[in-house]
Amino acid sequence: MGNRLLSSLILTAAMSATAQAADTKVIHVMHQGDPAGVAAIGAVAKAFEAENPGVDVETIYAPHDAYNEKFSAAVMANQLPDVMELDAPFLANYVWSGYLQPIKPLIDKDVLDDMTNSNIVQGTYPVDKDLYAIGLTDSTVVLYGNRKYLEEIGARIPTSVDDAWTREEFEGYLEKLSKLDGVKWPIDTFRGYGIKTEWITYAYGPILQSSGCDLIDRTTWKSAGTLDADACVEALTMMQTWVKNGWVVPQSAGTNQFYAENNPAALALGGHWFYAEAAAAMKDDIVVMPLPKFGAKGASPNGTWIWAVTKTSEHPDVAGKFVSFMLKDKEYRTFIASKSGYPGLKSFAAESPLYAAGGAMAIAYEQASKTAIARPPYPAYPTITSAFMQAVDEAFNGGDPKAALTAAAEKIDEDIEDNDGYPPFGDQQ
Amino acid sequence: MNMQQSPVPSLAKQKRPARSKSDRGRLLQEASMLAPAVLLLTLFLIVPFFLSFWTAMTNQPLVPRPTPLRFIWFTNFVRIFHDDLFWTALWNVSRFTFWILPVQCGLAFATALLLHQKMPFRNLLRGMFFLPAITSMVVVCVIWGTLFQYPTGPFNQILGFVSGGYIQPIDWLGDPEWAMFSIVLLSAWQAYGFQMIVYLAGLQGIPDELYDAARIDGANAVQRFWHVTMPGLRPTHVFVLLITTIQAFKLYTQVAILTQGGPKSSTETVVHYMVRAGFEEQKMGYASAVSVILFVIVLIIALVQRQLLRRFDV
């Protein structure tokens with residue numbers, strides 16, 4: 001009796017499963033994000049399913065800091081998702097390895113026409129100049145200041161990217177702030193994000209570039225002679241000195257010292273996303289400034305998490321439709337805007353007064369067209385960023401910057417050599 | 001030492017009559033019962049083990065790449081031995097082992113002695129002392145990460161309060177001088193429960209008659225401890241020492257969660273180095289070479305330890 005019940009249950013379950021498989025298209029969407037972001041993507045998936053009967057969207061969450069490891073695991077198990085979120089500097093590696101397909105034919109034309117230049121650049125593979133990924137957003141890093149403290153030391157407050165602080169001004173202010181009552185640390189550079197995080201390459205790389213060097217030579221694709229050149233050593237030594245002087249919030253003190261009670265940190269070299277939480281606590285006391293000019297020219301980062309369709313997808317058309325749907329979804333846009341999301345689509349920029357002329361983050365938006373430099377679009381990027389993180393940790397804790405950068409450059413070049421120069425990158429010249 | 005040997009081998013040797021039909025049938029039966037275990041062990045333990053030797057001599061990437069797979073002999077090993085970071089990692093693991101052996105085994109031994117006494121709520125207490133060991137290391141790390149916070153975490157506040165503000169806050173996990181020590185503290189606390197159970201079992205294995213005889217001979221408590229308990233625990237000591245050393249060399253989780261090898265590589269460990277090479281930099285061949293080296297090191301240490309302890313008549 002019990003047995004018969006059980007077997008009939010199994011039978012119905014099996015039947016409904018096959019019935020579902022027959023006329024349902026399933027797409028898997030791999031993504032990262034904080035709990036609110038995960039919920040937002042879940043809501044998009046539901047809305048998409050409601051509008052497209054016969055489509056089943058399954059979201060797969062992978063944590064931010066281990067995202068690439070999780071993706072590699074998916075590759076090895078031959079279980080690539082259909083749609084995947086990826087960090088822009090890793091795009092070259094993924095396309096070179098053959099995981100992604102050109103996305104232009106799959107995305108609605110109005111969305112493609114809506115992309116900002118910087119958004120197009122971050123989704124383009126430099127070898128075939130084709131578009132492989134698209135995002136609603138872009139990103140940048142700015143210098144946040146505490147208005148009260150800045151007024152107390154009589155600092156000049158830049159109003160445009162062109163009159164950013166020079167290195168002398170910046171370091172002079174840091175010194176003055178360090179002696180000011182109530183300031184425990186003159187600046188937070190968000191060491192609290194950890195030492196194994198893309199933040200390091202993303203936010204500190206532009207300091208090297210502004211000082212006149214780079215992570216790797218972008219024509220010969222060699223790191224030795226560039227990353228260990230005097231300009232880079234000088235830049236890393238400069239940052240090391242800030243840390244040595246006790247000017248920088250230490251790693252273990254967290255990431256909220258800028259807006260925590262009594263504002264222990266006076267400045268914050270923070271991502272655009274930091275504005276939402278800081279402004280919530282500090283209201284009008286927050287000043288948004290461009291990144292300082294450490295050398296002849298200014299530099300700022302760009303690139304963020306963008307969406308791509310994998311080569312192995314069985315339903316690339318549905319996958320593309322989902323991406324288009326998500327980027328246009330009203331509620332998803334509202335959510336991203338609530339996180340002070342940095343617009344990567346023109347229509348989204350129009351909906352974001354924060355970044356428009358006169359908005360609090362207008363300077364952040366100005367940086368995109370004036371100083372933004374993408375991280376090297378090169379398949380060796382995973383090694384480049386890992387080696388640079390190692391060097392920065394070494395230097396910030398008192399190690400010799402020259403030795404640390406030399407070791408990093410060697411490691412990067414070794415990886416390139418191991419991969420025969422990542423053809424066709426090597427044969428371009 | 002023969003006294004402690006297990007009785008199984010002698011039983012097996014008992015008698016071996018000429019092979020008969022029923023004997024062959026029995027062999028077949030034994031073989032068929034062994035087969036699943038042997039097959040699974042071969043497939044998931046022995047084959048991968050030898051595969052890693054092979055992979056270590058190639059430029060195998062983590063995931064398929066357009067570059068061809070090449071046999072590169074010992075290039076990976078040469079590179080590892082030329083990498084300062086590898087030596088730092090090895091040195092760190094040795095430091096960790098050197099500290100954790102006395103702390104963890106001492107703690108485990110002391111609690112085992114305490115909980116071996118006849119006292120009320122003994123079983124309840126045993127369970128409580130074992131609790132950290134069944135708590136996930138990840139959870140322990142997150143909790144201890146909060147305790148270690150700088151400058152206002154609970155540990156620093158307690159230190160400041162007890163010393164009347166004399167001791168400045170310590171950056172437990174952010175100071176290269178302190179980071180490894182902090183990891184030792186939390187690791188010992190999390191894992192000592194296992195060694196404690198082993199010691200408890202060892203203590204229970206010492207026959208009461210020996211204690212009674214010692215008492216009749218007029219031995220006091222200290223003498224009974226040194227001349228009955230300690231000799232009776234020798235095999236346990238060997239086991240605990242070996243297993244703790246091997247575990248210490250495989251230090252990874254705590255480091256991956258709390259310090260990611262920093263600050264200034266002061267908590268970089270061999271396994272963390274291996275994972276970084278294999279999964280972040282996607283060099284599977286290189287990572288396999290590290291794993292082979294780690295295997296050899298652990299094997300040598302285990303053999304040396306056994307020999308040393310045997311010399312002390314264990």
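Analyst: Start with a strand. Strand β10 of chain A spans residues 265-271, and seven of its seven residues are buried. Buried means that 20 or more other C-beta atoms, placed from the backbone, lie within 10 Å of the residue's own; 12 or fewer is exposed, and in between is partly exposed. Strands (E, at least two residues) and helices (H or I, at least four) are DSSP runs numbered from the N terminus. This is a predicted model: local features need pLDDT of at least 70, side-chain atom pairs count only at pLDDT 80 or more, and totals for chains, interfaces and linings use all residues. Residues are numbered from 1 along each chain as written, with chains lettered from A and ligands numbered from 1 in written order.

User: Which residue of β10(A) is the bridge partner of Leu143(A)?

Analyst: Strand β8 of chain A (residues 141-146) runs antiparallel to β10(A), joined by five bridges. Strands pair if DSSP finds at least two bridges between them. The partner of Leu143(A) in β10(A) is Leu269(A).

User: Does β9(A) run parallel or antiparallel to β10(A)?

Analyst: Strand β9 of chain A covers residues 185-188. In β10(A), Leu267(A) is the bridge partner of Ile187(A). Three bridges join β9(A) to β10(A), and the two run parallel.

User: How many residues of helix α9 of chain B are buried?

Analyst: The helix has nine residues, 208-216, and is hardly covered. Gly218(B), with a positive phi near 90°, follows α9(B). The buried count in α9(B) is zero.
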